[in-house]
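Welcome, and please open the model in your viewer with the sequence panel beside it.

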Amino acid sequence: MKVLSPILACLALAVVVSHAVLSPEQYWSYKLPNIPMPKAVKEILHPELMEEKSTSVNVGGGGVNVNTGKGKPGGDTHVNVGGKGVGVNTGKPGGGTHVNDPDPFNYLYAASETQIHEDPNVALFFLEKDMHPGATMSLHFIENTEKSAFLPYQTAQKIPFSSDKLPEIFNKFSVKPGSVKAEMMKNTIKECEQPAIEGEEKYCATSLESMIDYSISKLGKVDQAVSTEVEKQTPMQKYTIAAGVQKMTDDKAVVCHKQNYAYAVFYCHKSETTRAYMVPLEGAGGTKAQALAVCHTDTSAWNPKHLAFQFLKVEPGTIPVCHFLPRDHIVWVPK
């Protein structure tokens, strides 16, 4: 009888390890044993760490039930557009809610008129030449209290995620068709179904395990997974770039943007024309932040009327366009 070598035995064992055996946290440790989990992922895995509202997910024989907020199922989500800044809050729909505005991190879409003047994400965009110690920017890193939780991989795989299955999806999550929540879920699926822009690959991850698998498949070996971190919740204020801007990657990266959905869904795209930086910021009120900035060196395939071009007054493909990432977005950096 032939005995497998220790190396082959380990490989054989690795083959049989599946998503069904491991929890999302265990799967992270198994696939990324030497990589710390970013705060953004920890908070989604453990919404109880949030000081105020949280999202709980109950998986049972009758389906999946997601409760957002203080025990109220199907709570709506709206973007806080009270001024420049970054933020998504949960609660009742109200003034300043524009659920049909395109995702500013989807570069195929033109900005709407309301988005140009009212979307807080407009403040995120800047030019690479302006990213240097001493530069100041007015930012508002609002904590996203809409902490929709990750579903286990096997559960997520059994739930439809397509436009032609919307009635079934709404029914499963007790979401009223036509509500703000329903429109946001519909828009998320629509954007996930759109083709990627030229030069990029995209994927919508419906579980932490699938996001890990996608990032590894596109980057090979992953060196870091990082997110923006801010000391504490503060109002909009002027931030100054401090010394110590760190370039994390000079070309290739996978960037994953948290979407508005009943459970945690990330819109991920892999690009080979991306520079990622970790930028130390010091707020006027003393708050410190480590903010992720992504600079796109080739924007020629972007929609000419994208929010970034209209805000920065530049043309597609002429100059690198940068933006900070909100606190619940993740950059995967290759070795």
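**Before you click**

This is a predicted model, in which local features need pLDDT of at least 70 and side-chain atom pairs count only at pLDDT 80 or more, while totals for chains, interfaces and linings use all residues. Residues are numbered from 1 along each chain as its sequence is written, and side-chain values use heavy atoms, with hydrogens and water left out.

**Stop 1: the whole protein**

Color by secondary structure and you will find nine helices and 17 strands. Helices here are DSSP runs of H or I with at least four residues, and strands are runs of E with at least two, numbered from the N terminus. Now color by accessibility: of the 335 residues, 53% are buried. Buried means under 20% relative accessible area, exposed means over 50%, and partly exposed is in between, using a 1.4 Å probe and protein chains only.

For contacts (heavy atoms within 4.5 Å), take the pairs at least 6 apart in sequence: 72% of them join residues at least 24 apart.

**Stop 2: helix α7**

Select residues 180–193, the 14 residues of α7. From first C-alpha to last, α7 reaches 20 Å, close to the 20 Å expected at 1.5 Å a residue; the expected span is 1.5 Å times one less than the number of residues. Is α7 mostly enclosed or mostly open? It is largely enclosed by the rest of the structure, because 10 of its 14 residues are buried. Show side chains for the buried set: V180, K181, A182, M184, M185, N187, T188, I189, E191 and C192.

S174 is not a glycine, yet its phi is positive, near 55 degrees. With a relative accessible area of 51%, S174 is exposed.

**Stop 3**

Select residues 208–219. These 12 residues form α8, and its end C-alpha atoms are 17 Å apart, which agrees with the 16 Å that the helix should span. Its buried residues are L208, E209, S210, M211, I212, Y214, S215 and L219. Step one residue past the end to G220, where phi is positive, near 80 degrees.

The axes of α2 and α8 come within 9 Å and cross at roughly 20 degrees. That makes α2 roughly parallel to α8, a label for angles under 35 degrees. The axes are lines fitted to C-alpha atoms over the stretch in contact, and angles run from 0 to 180 degrees between N-to-C directions. The crossing is right-handed, meaning that the near helix is turned clockwise from the far one by less than a right angle. To see the contact itself, show P24, Y27, W28 and K31 of α2 with L208, E209, I212, D213 and I216 of α8.

**Stop 4: L45**

Where does L45 sit? It belongs to helix α3, residues 39–45. L45 counts as buried, at 18% relative accessibility. Beyond its neighbours within four places in sequence, L45 is in contact with P24, E25, M37, F150 and L208. Draw a distance to F150: the two C-alpha atoms are 6.4 Å apart, although 105 residues separate them along the chain.

**Stop 5**

Select Q237 in strand β10, residues 237–241. Q237 counts as buried at 12% relative accessibility. Leaving out neighbours within four places, its contacts are M137, S138, L139, G283, A284, G285, G286 and T287.

Then move to E282 in strand β14, residues 274–283. E282 counts as partly exposed, at 41% relative accessibility. Not counting residues up to four places away, E282 touches K238, Y239, T240, A242, T287 and K288.

**Stop 6: K313**

Finish at K313, in the loop between α9 (307–312) and β16 (321–324). K313 has a positive phi, near 60 degrees, in a residue other than glycine. At 70% relative accessibility, K313 counts as exposed.

Definitions and conventions: Parallel < 35°, antiparallel > 145°, perpendicular 65-115°, else oblique.
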